[in-house]
Amino acid sequence: VGNVRTKDKVARREFRLAEGDAFNASLLRRTRQRITDLEFFNNVTVNASPGSAPDRSVVTANVEERATGELTLGGGYSTDIGPLVTAGLRERNLVGTGIDAGINGILASKQSQVTFSMTDPYFLDRNLVAGFDIFHIQNTLQEVAQYNERRTGLALRLGYEFSEHLRQVWTYSLTQRSVFDVGALASIYVQDAKGSSLLSQIGQTL
């Protein structure tokens, strides 16, 4: 009760009790904590009331929705890339589905970068966390190291929970890198990396 924008299933899938289960006050408290941890709601209460028979109860979760969008703006100075400006836009509950999506950018004298990310914590309504990142990075290092570099890539993530405290996440990334405008005084390592290369990589986190 109380969710206007957020879909029912986003809260219901955090319940540690299912219809027909034996009543368990500890699991009910855990349910309230998990819904609160979503950070989609300001106030969360989970109460039990008498049901249609003496051995039945009706469990009701009352929630109060909160804003889940974020806009970030910043500026600064880096010894690597010089003066910089950063901007980001993020929605942690995209159209009420619980999907986390955002776009971030950096603009500096020696680097420009943009990243778009999206993560679904219950992909296909199953115990799967799936997401991806798309990024483009341009490094202008001609004055510093006699070369420029461009990286464009995609990273995919897929994870699952063994328990509430243990999760396995697999990642796959594909990155296209180009090193160009290499000067005559560039280091031998930069000279060797001149041209285009493709990096395909698999990783995992427990």
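This passage describes the fold, the surface and a few selected residues of a predicted model. Residues are numbered from 1 along each chain as its sequence is written, and side-chain values use heavy atoms, with hydrogens and water left out.

The chain contains four helices and ten strands, where helices (H or I, at least four residues) and strands (E, at least two) are DSSP runs numbered from the N terminus. In sequence order these elements follow the pattern α-α-β-β-β-β-β-β-β-α-β-β-α-β. Of the contacts with a separation of 6 or more, 43% are between residues 24 or more positions apart, a contact being defined by heavy atoms within 4.5 Å.

Buried residues account for 30% of the 206 residues in the chain, with buried meaning under 20% relative accessible area, exposed over 50%, and partly exposed in between (1.4 Å probe, protein chains only). The chain exposes about 13,100 Å², of which carbon and sulfur atoms supply 56%, as computed by the Shrake-Rupley method with a 1.4 Å probe, only the protein chains shown counting as cover for residues. There are 22 positive and 22 negative side chains, and the centres of the two sets lie 1 Å apart; Lys and Arg count as positive and Asp and Glu as negative, without His or the chain ends, and each charge is placed at NZ of Lys, CZ of Arg, CG of Asp or CD of Glu.

The structure holds three aromatic pairs, for which rings of Phe, Tyr and Trp (its six-membered ring) must have centres within 6.5 Å, with planes under 30 degrees apart counted as stacked, over 60 as edge-to-face and the rest as tilted. In one of these, the rings of F40 and F41 have centres 6.4 Å apart and planes at 70 degrees, so the pair is edge-to-face; both F40 and F41 are buried. F116 and F132 form a tilted pair, at 5.9 Å centre to centre and with 50 degrees between the planes. Because F116 lies in strand 6 (residues 111-120) and F132 in strand 7 (residues 129-141), this pair ties together parts that are 16 residues apart in sequence. F116 is partly exposed at 30% relative accessibility, and F132 is partly exposed at 23%.

Three further residues were examined individually. G75, in strand 3 (residues 69-78), is exposed at 62% relative accessibility, and touches L84, V85 and T86 when residues up to four places away in sequence are not counted. The C-alpha atoms of G75 and A87, twelve residues apart along the chain, are separated by 8.8 Å. Most residues other than glycine have a negative phi. V95, in the loop between strand 4 (82-94) and strand 5 (99-108), has a positive phi near 40 degrees and is exposed, with a relative accessible area of 60%. L124, in the loop between strand 6 and strand 7, likewise has a positive phi, of about 55 degrees, and is exposed at 59% relative accessible area.

Note on methods
Predicted model: local features only at pLDDT ≥ 70, side-chain atom pairs only at ≥ 80, totals over all residues.
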